[in-house]
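Please prepare a short briefing on the structure shown below. Keep it to what can be computed from the atoms or taken from the record.

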Amino acid sequence: MEKMGSADAQIEDLFVSKKPIKNPLVPVGALMTAGVLTAGLVSFRQGNSQLGQKLMRARVVLQGATVALMVGSAYYYGETIRGSKNKN
């Protein structure tokens, strides 16, 4: 049982002591994606299918860029945290 308690304490220290790192570009990308999606849906509803198709393609590009930012920042900050642990 003692082993389990020390593992719990280590896990708790890992989450409590770390300040969350945020990438401000991810919410911006998500908002842009939602905006283009909304504009595309509105244009489809109004009967402008050519514009709607272009906006849906733009949404896919923005969504992919947002996911790439998320993955890239997670990788970058993961390496930064690992590097700081090795220095200590």
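In this predicted model, a polar atom of the Ser-73 side chain lies 3.1 Å from the backbone oxygen of Met-70. A polar contact here is a pair of N or O atoms within 3.5 Å; within protein, one must be able to donate a hydrogen and the other to accept it, and residues adjacent in sequence count only if both atoms are side-chain atoms. Residues are numbered from 1 along each chain as its sequence is written, and side-chain values use heavy atoms, with hydrogens and water left out. Local features need pLDDT of at least 70 and side-chain atom pairs count only at pLDDT 80 or more, while totals for chains, interfaces and linings use all residues.

- Ser-73 sits in helix α3, which covers residues 49–87; helices (H or I, at least four residues) and strands (E, at least two) are DSSP runs, numbered from the N terminus.
- Ser-73 counts as buried because its relative accessibility is 15%, where buried means under 20% relative accessible area, exposed over 50%, and partly exposed in between (1.4 Å probe, protein chains only).
- Leaving aside residues up to four places away in sequence, Ser-73 touches Asn-23 and Gly-78, contact meaning heavy atoms within 4.5 Å.
- Thr-33 belongs to helix α2 and is buried, with a relative accessible area of 12%.
- With residues up to four places away in sequence not counted, Thr-33 touches Arg-59, Leu-62, Gln-63 and Thr-66.

**Annotated segments**
- An unreviewed UniProt entry lists residues 25–44 and 56–78 as "transmembrane region"; such positions follow the numbering used here, feature names are shortened, and annotations may be inferred rather than shown by experiment.
- Residues 25–44 are 100% helix and 0% strand, with the end C-alpha atoms 28 Å apart.
- Residues 56–78 are also 100% helix and 0% strand, and their end C-alpha atoms are 33 Å apart.

**Whole chain**
- The chain has three helices and zero strands, in the order α-α-α along the sequence.
- Of its 88 residues, 15% count as buried.
- Among contacts between residues at least 6 apart in sequence, 53% join residues at least 24 apart.
- The chain exposes about 7300 Å², of which carbon and sulfur atoms supply 64%; accessible areas come from the Shrake-Rupley method with a 1.4 Å probe, and for residues only the protein chains shown count as cover.
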